[in-house]
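Work through the exercises below with the structure in view. Each one is followed by a solution in steps.

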Amino acid sequence: MGPELSVPPLFSPIAPAIHPNHSAIVVQTAAWAETFRIGSVELRDELVGRDFGSLCARILPDGREEVVSLLSDFALWLSAVDEVQDAHGAEGSGDLVGLLHRLIRVAQNPEAPMLDDDPLAAGLRDLRLRIDRFCTAGQSARWGDALREYFFSVVWEAAHRRAGSLPALGDYTLMRLYNGPTAVMLPILEMGHAYELQPHERDRVSVRAAAEMASFVTTWDRDVFSYHQEHGGGKLSHLNVLRVLEQEHGLGPGAALGLAVRQRDRVMTLFLRLSDGLAERGSPQLRQYLHGLACYIRGAQDWGLASSPGLLPSVFTDTPADDSHEPLDIPAIAWWWDLVARSS
């Protein structure tokens with residue numbers, strides 16, 4: 001058991017919010033998991049206990065309730081896939097790749113006669129059919145593409161777990177942009193407000209960078225929260241940015257925590273600068289999209305803190321630990337700062 005880590009109040013000037021029907025959404029997701037027998041009874045109880053309904057009610061605080069429920073079910077399903085990867089990954093990457101490849105086919109073509117007796121596949125079929133009720137063809141295609149990228153990162157993570165290895169910081173940062181759930185949830189956020197971001201805005205490099213920044217902040221936050229929770233109990237997740245920073249820079253846990261917080265604060269300040277600039281010149285749909293990214297960041301933060309009462313700070317701060325305009329020394333994302341400087 002390691003020494004207790006003290007997580008400081010995190011920089012988050014984004015206002016909190018939650019959907020008024022969040023309690024009903026929580027109940028609905030528990031019923032959905034039971035209906036499709038997602039995971040073993042023990043895993044299902046654990047996943048339901050993570051309260052994904054409250055998470056998604058914070059992410060879409062003013063979205064359509066049916067879509068918030070869909071997002072909550074999907075979040076639980078993704079977590080079930082993460083748990084399944086341990087069992088399949090231990091048997092070899094080929095077994096895991098085969099399963100994920102078949103699941104992608106189910107997501108693309110839910111009518112395909114594949115994995116008929118598999119609860120994960122049954123749940124995915126239901127999710128895809130419900131997505132089709134609320135989305136355009138383009139949004140459905142983007143969701144499928146994002147899911148494929150997510151599965152690619154699942155295989156990457158399983159390989160490191162199997163080998164007992166840690167990636168370099170640059171590789172870890174790049175893959176966390178994909179295996180954090182932000183990218184695969186973004187099309188559903190649009191469905192929650194019944195709009196579609198048009199290609200001339202969606203495909204802009206600056207808009208893609210804003211989404212990647214949101215993913216960075218939420219995954220770093222998740223790593224900070226989970227490391228703190230697990231470090232005191234003697235059970236550490238294998239892949240975590242604090243462990244990567246400890247290896248990369250020869251740091252102790254406290255110093256790695258401080259560095260991770262400064263990194264996420266610097267990206268958070270950059271996200272706010274970029275988002276404000278894009279909103280000034282963007283369409284109403286782009287402004288809604290950027291608002292959705294902000295809600296995603298703050299919703300994940302509030303949910304993460306609520307999951308560990310007494311262990312993590314209960315307040316946020318308006319002052320970042322690091323607001324430097326200099327890029328982080330991480331090649332996969334350093335270009336963000338040049339982009340924002342040119343845009344300004």
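**Exercise 1.** Which helix gives the largest share of the lining of the largest cavity?

Solution. The model is a predicted one. Begin with the cavities of 30 Å³ or more, of which there are three. The largest has a volume of about 90 Å³. Its lining is made of 15 residues, and those nearest its centre are Leu189, His193, Gln288, Gly292 and Leu293. Two elements each give two or more residues to this lining: helix 9 (182-192) and helix 14 (284-306). Helix 14 supplies the largest share, six residues. Sorted by class, the lining of the largest cavity holds nine nonpolar, four polar and two charged residues.

**Exercise 2.** Find which element gives the most to the lining of the second largest cavity, and sort that lining by class.

Solution. Helix 14 contributes the most here, with five residues. By class, seven of the lining residues are nonpolar, one is polar and three are charged.

**Exercise 3.** Are the rings of Phe74 and Trp77 stacked or edge-to-face?

Solution. A pair of aromatic rings is described by two values, the distance of the centres and the angle of the planes. The structure has 11 aromatic pairs. In the pair Phe74 and Trp77, the ring centres are 6.3 Å apart and the planes are at 20 degrees. Centres within 6.5 Å make a pair, and planes under 30 degrees apart count as stacked. The rings of Phe74 and Trp77 are therefore stacked. As for their place, both residues belong to helix 4 (residues 65-90), and because they are three residues apart, about one helical turn separates them. Phe74 and Trp77 are both buried.

**Exercise 4.** Is Asp73 buried or exposed, and which side chain does a polar contact of 2.9 Å join to that of Asp73?

Solution. Asp73 is located in helix 4. Its relative accessibility is 0%, so Asp73 counts as buried. Next, set aside the neighbours within four places in sequence: Asp73 is then in contact with Gln28, Thr29, Trp32, Leu127 and Arg130. The polar contact of 2.9 Å runs between the side chains of Asp73 and Arg130.

Conventions
Residues are numbered from 1 along each chain as its sequence is written. This is a predicted model: local features need pLDDT of at least 70, side-chain atom pairs count only at pLDDT 80 or more; totals for chains, interfaces and linings use all residues. Side-chain values use heavy atoms; hydrogens and water are left out. Rings of Phe, Tyr and Trp (its six-membered ring) pair if their centres lie within 6.5 Å; planes under 30 degrees apart count as stacked, over 60 as edge-to-face and the rest as tilted. Helices (H or I, at least four residues) and strands (E, at least two) are DSSP runs, numbered from the N terminus. Buried means under 20% relative accessible area, exposed over 50%, partly exposed in between (1.4 Å probe, protein chains only). A polar contact is a pair of N or O atoms within 3.5 Å; within protein, one must be able to donate a hydrogen and the other to accept it, and residues adjacent in sequence count only if both atoms are side-chain atoms. Contact means heavy atoms within 4.5 Å. On a 1 Å grid over the protein atoms alone, a cavity is a set of points where a 1.4 Å probe fits but cannot get out, and a pocket is an open set with protein on both sides within 12 Å along at least five of seven lines; lining residues have an atom within 4 Å of a point. Grid points are joined across faces, edges and corners, and a volume is the space filled by probe spheres set on the points. Ala, Val, Leu, Ile, Met, Phe, Trp, Tyr, Cys and Pro count as nonpolar, Asp, Glu, Lys and Arg as charged, and the others, Gly among them, as polar.
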